[in-house]
Amino acid sequence: MPSPPNPSDSNESLRSAPRDELVFAHLTDPHLTRPDPVNGADLANKRILGYLSWRRRRHAIHRSDIIEALVTDLHAQTPDHIAVTGDLTQIGLPGECRDARTWLENLGPSAKISVVPGNHDQYVDAPWKETLGLWYDYMASDAGSASNELFPSIRVRGPVAFIGVSSVYPCPPLLATGRVGKTQREALEKVLRETSDRGLCRVVLIHHPPVPDSYKWRKRLEDARETCAILRSAGADLVLHGHTHRLMLNELESETGNLPVFGLSSASAGDHEFERRARYFLYRVSRDDHGIGITWSSRVFDPESAEFRMESDWRSISQIARALRADQG
Ligand SMILES: [Fe+2]
């Protein structure tokens, strides 16, 4: 496994000296913060529902010992980069966002970690600087990139372009829907085509699953069809998402071949159901004269040892896709 980049490397130096292999990890929905203590003003909106849900049920599902075990295991694997697809918090309170910032700093430097927000991180309209803005350097595009807005973000590391898409907005009570929006979709199409022209492996990070009808109506991506139309026409190499708190392995047919769309269980879930057990994935991307190759490995929480262990050894993405098609056939 290649050695991790020097944390003191600037984004610029990482871009100007691309390597032909990169190993990165994907984790999602750690829900690692506690909204306590809260006051009445904090909950004088939709947050009261999320807070009660956390008190009633979610606090027992998302365990700090599991996310700590994951980070220990992740550091031992020494990936070059880490992708986090949102829901670091419970109800997006400023105190939670500060705690999540501290957690990110302990996980690694912002040059080495790419974050997109989840719906719990933007639960209601809240002052940007006191909430999501605290994670800016973990979300922002490389200096000098063509993107004018925060999202879609473009972060190039070796042969990989991490393309961050925000699907979150303060949705109405009792919903957990997402939306990419027309402006961001149009920018996404340009970014996908531009990074393709540069021969980069395009890894799209988004919180909500973008495959239409793949998840509950109440929690769906509202413009999944329009977003998928762009992924199909402009192409990508991999789409990684969270939100569902369960394994979801899908494929989209695109102009450039079958596109894997992989979702993960929560990184902190103390759930024994197979699809919901805490896990993270590792991806190895290599680029040579024949093109781009992606292999994949999975690590899962073992309740008996209270440690993460290998669940699936390195396999090519195309092998998984074939197995997936056989399952669905
Ligand atoms: Fe979540």
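Guide: Helices and strands here are DSSP runs, numbered from the N terminus: a helix is a run of H or I of at least four residues, and a strand is a run of E of at least two. Residues are counted from 1 along each chain, in the order in which its sequence is written. The model is predicted, and local features need a pLDDT of at least 70, side-chain atom pairs count only at pLDDT 80 or more, and totals for chains, interfaces and linings use all residues.

With those runs, the protein chain has 8 helices and 12 strands. Its radius of gyration, taken over C-alpha atoms, is 19 Å, close to the 20 Å that the globule rule gives for 329 residues, so the chain is as compact as a globular protein of that length. The globule rule is 2.2 Å times the number of residues to the power 0.38. Along its principal axes, the C-alpha trace spans about 60 × 50 × 45 Å.

Two strands pair if DSSP finds at least two bridges between them. By that rule, 6 strands make an open sheet in the order 3-2-1-10-11-12, and the pairing is mixed. Strand 3 and strand 12 (307–316) are the edge strands, since each pairs on one side only. On average, neighbouring strands of this sheet are turned by 20° against each other, with direction ignored. Axes are lines fitted to C-alpha atoms, for helices over the stretch in contact, and angles between N-to-C directions run from 0 to 180 degrees.

Contact between two residues requires their C-beta atoms, placed from the backbone, to lie within 7 Å.

Most residues other than glycine have a negative phi, and most peptide bonds are trans. Asp-29, in the loop between strand 1 (21–27) and helix 2 (47–61), has a positive phi of about 50° although it is not a glycine. Thr-78, in the loop between helix 3 (64–77) and strand 2 (81–84), is not a glycine either and has a positive phi of about 45°. A residue is buried if 20 or more other C-beta atoms lie within 10 Å of its own, exposed if 12 or fewer, and partly exposed in between; these C-beta atoms are placed from the backbone. Asp-29 is buried, with 27 other C-beta atoms within 10 Å, whereas Thr-78 has 12 such neighbours and counts as exposed.

The buried residues of helix 4 pack against strand 3 (113–115) and helix 5 (136–139). Helix 4 (residues 94–107) has 14 residues and reaches 20 Å from its first C-alpha to its last, close to the 20 Å expected at 1.5 Å a residue. That expected span is 1.5 Å times one less than the number of residues. Glu-96, Cys-97, Ala-100 and Leu-104 are the buried residues of helix 4. Seen down the helix axis, they fall within an arc of 95°, so they line one face of helix 4. The arc is that of the directions from the helix axis to the C-beta atoms. An α-helix has 3.6 residues a turn, so residues three or four places apart point the same way. On the other side of helix 4, Thr-102, Glu-105 and Asn-106 are exposed. Arg-98 is also found in helix 4 and is partly exposed, with 14 other C-beta atoms within 10 Å. From Arg-98 to Asp-302 it is 204 residues in sequence and 30 Å in space, C-alpha to C-alpha.
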